[in-house]
Amino acid sequence: MNEQEIFSRLWTDYTTQNPEAKNIYDCFRAEGEEVKNDHIAFRTFFDTRINVDVLARPFLTAGYEQKGYYIFEDKHLTAKHYEHKSRPDAPRVFISQLMTDHFSAGLQSIAKQCAARVPDELVFSNELIFAGNVWGPPSYETYEMLRRESEYAAWLYVYGFVTNHFTVSINSLTKLNSIQKVNQFLKDKGYVLNASGGEIKGTPAELLEQSSTKAGFMAVEFVEGTFEIPSCYYEFAIRYPDTDGRLYSGFIAKSADKIFESTDFYRK
Ligand code: NI
């Protein structure tokens, strides 16, 4: 699979599961904008069967290489980001993992069960990134129990391996060419932004500004019945040139820390 095949498959799955993201994409297109993807993100548990390095494999095969490494102390996450070796226009890939051993025995045991239920053929194939929840129907009680410790763990337990977000590259937009304009455009259309830590994360001095929608709701079938809970979100990023004139290509841990909260549970 080359990277275009990977991204087009992921985009189809993501927009099917999150029609709101497709609607936002269509809004940009209706303004005459060409929408390029700055990066996508995945989440996983830190477990040798399914850690960041396992999820990264199909991207490495498609010509990506590891660039940045990040630590999120408050959220107990680590992450790596990847870029394509020869296609600077290809989206970056950001993969984070929950350091499960920082949490209770209960959370650790659920993460272990999830990882153990991933079939070997998926672990050793390029299909894991498309596989969604491969550990079976979630329990709402477990979801709530996980949420008390980590919203990230609860989200991952329900959704598994899906693209957590795509990201509109504001640098590729012509009319809506600032993050302020993009945010206003979205709010005028009635979309709700994640305001944790302010609507705009990062500053031009940090060379990266980001914002995101709050994840839309999805009806999920739990063992106990169907409940609507937050799903995935859409992100917006603008990058600034560093001192040698090249656009900054990394991520800012302090900003991403708040963006993770875009999938936190909330009431409609
Ligand atoms: Ni992101």
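Buried means under 20% relative accessible area, exposed means over 50%, and partly exposed lies in between (1.4 Å probe, protein chains only). The legends below describe a predicted model, in which local features need pLDDT of at least 70 and side-chain atom pairs count only at pLDDT 80 or more, while totals for chains, interfaces and linings use all residues. Residues are numbered from 1 along each chain as its sequence is written, and side-chain values use heavy atoms, with hydrogens and water left out.

View 1. H39 (NE2), H165 (NE2), E235 (OE) and E235 (OE) coordinate the nickel ion at 2.0 to 2.5 Å. Donors are N, O and S atoms within 2.8 Å of the metal (3.2 Å for Na, K and Ca); water is not among the atoms, so sites may look incomplete. The 4 donor atoms make angles of 53 to 126°, and the site is irregular. Four donors count as tetrahedral if all angles lie between 85 and 135 degrees; four count as square planar and six as octahedral if opposite donors are over 155 degrees apart and all others between 65 and 115; anything else is irregular.

View 2. H165 lies in strand 5 and E235 in strand 9 (residues 233-239), 70 residues apart, so that the pair links distant parts of the chain. Helices (H or I, at least four residues) and strands (E, at least two) are DSSP runs, numbered from the N terminus. H165 counts as buried because its relative accessible area is 5%. E235 is buried too, at 1% relative accessibility.

**View 3. The surroundings of T163.** T163 sits in the loop between helix 7 (151-159) and strand 5 (165-169). With 3% relative accessibility, T163 is buried. Apart from neighbours within four places in sequence, T163 is in contact (heavy atoms within 4.5 Å) with L10, Y14, I40, A41, F42 and C232.

**View 4. The largest nonpolar core.** A nonpolar core is a set of buried Ala, Val, Leu, Ile, Met, Phe, Trp, Tyr and Cys residues joined through side-chain atoms within 4.5 Å. The largest one has 79 residues, of which F28, F59, Y143, I229, Y234 and F236 touch the most other members. Helix 7 supplies the largest share of this core, 8 residues.

View 5. Where a disulfide is a pair of cysteine sulfur atoms within 2.5 Å, the count is 0 disulfides. For C27, the nearest cysteine sulfur, that of C232, is 19 Å away.
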